[in-house]
Amino acid sequence: MADRRRINGPVGATAPPVYDTPPTKRVTARSSDNAIRKIFLQTGVTPSASGSAYLEVEDPNTDRPSGTSLKLTCTVHGPRALPRSAPFSPHIILSTHVKYAPFATRQRRGYLRDSNERDLGVHLEAALRGAIIADRWPKSGVDIIVTIIEGDQNRDSPDYDRDESWDMMNVLSGCITVASAAIADAGIDCVDTVAGGVAAMVAKDAKNQPLIVLDPDVGSYHKIHAACCVAYLPTRDEVTNIWFKGQLPNADAMLYNQMVEKSLVACRNANRVLVQALQETVPQGQNPS
C-alpha cells in the first residue's frame, strides 16, 4: 500500500540539464567613480512594526540573477512607554540593534552579536540620535532593529578575509539610510532625514596612484588605503557621525577633507532616493511634510 503522506520521486533516473555554453557573467560597468550604485528602497514592508523599510544596493559585477549585493531590512518598534521601574527620562531612549543573518556572509555568522555588529550598532545610534527630536517623547523608548540579509561582499574573491573589514563601511551607510526611512515610516518626528555615504581612497592596480571614489565596490580594486563613512542631514547641512578607517598614503589634512566632501556627495545622492521613497508612501492628494 502506498504511503499517501509521502511525495514520491520519479520512477526513472533523472539528470540535470546541460547547456552548450555556460551563462555569461552579467557585467554592468559603473558610469563613473564619482557616482553611487543604484539603490532600491521601500517602506512599510513589515506591517506588525511601527515602521519598517527594505534596502537593496546594485552590484554591477555579478552573475547572480538578482544583480544586488547589499540587502538590509529595518523595523522600528515604538515609541512606547518605559516600565514603571525605569527612572524618569526627559527624552526618548534610543536602542539600536544591528545583526547579520547567519547566511549573510560566506563565513557563517553566529546567533550572538560579535564585536563588529556591536560597533555598527554604536555608530548607527550616534547617527540617528542627532536627527530625532528626542524631547517630544519623555519617558519613552524606541527599538530600531536592522537585519543584514546579505552583506556587501564578493564571496568569490580570494581576498575575502581582507575585504570583510572594509565592507562594514558600506554596510553602515546602508544601515543609516534604511533606518532613517523606517523612522519616518513610523511617524517619529525628526529635524531632517539622515542619509549615509561612503568614500574611499583606492588603488586600481599596483602602478596607478591612489584616487578617491564614491561608494566603493571593495572587490573591484587592488587595495583600499582608507575609507570614510558619514551620516549627514542635507537640509540642515549637519554631520551626525563620522567613521574613518585606514591610513592615508600622505600625512596631508587636505586628503582627509576631500574624503569627507566626497562622502557628503554620496550622502546627498542617497538622500534623493530616500526622499523619493517616502514621497511614494504619501496618499494621493496630500502634500508630503
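Visitor: Which element gives the largest share of the lining of the largest cavity?

Guide: In this predicted model, the elements that give two or more residues to that lining are strand S2 (51-58), helix H2 (160-185), strand S6 (195-203) and helix H3 (253-281). The largest share is 4 residues, and the element that provides them is H2.

Visitor: How much space lies in the largest cavity, and which residues are closest to its centre?

Guide: The structure holds 3 cavities of 30 Å³ or more, and the space in the largest cavity is about 180 Å³. It is lined by 16 residues, and those closest to its centre are Ile39, Val57, Ser173, Gly196 and Asp215.

Visitor: How many residues of the lining of the largest cavity are nonpolar, polar and charged?

Guide: Gly counts as polar in this classification, which bears on Gly196, one of the residues closest to the centre. By class, the lining divides into 8 nonpolar, 6 polar and 2 charged residues.

Visitor: How many disulfides does the count come to?

Guide: A pair of cysteine sulfur atoms has to lie within 2.5 Å to qualify. For cysteine 175, which is buried at a relative accessible area of 0%, the closest cysteine sulfur is that of cysteine 74, and at 8.2 Å it is too far for a bond. Cysteine 228 is likewise buried, at 0% relative accessibility, and its sulfur is 7.3 Å from the closest cysteine sulfur, in cysteine 229, which is also too far for a bond. By this rule the number of disulfides is 0.

Definitions and conventions:
Residues numbered from 1 in each chain as written. Predicted model: local features only at pLDDT ≥ 70, side-chain atom pairs only at ≥ 80, totals over all residues. Heavy atoms only, no water. 1 Å grid on protein atoms, 1.4 Å probe; cavity = no way out; pocket = protein on both sides within 12 Å on 5 of 7 lines; lining within 4 Å. Points joined across faces, edges and corners; volume = space filled by probe spheres on them. Buried < 20%, exposed > 50% of the residue type's maximum accessible area, 1.4 Å probe, protein only.
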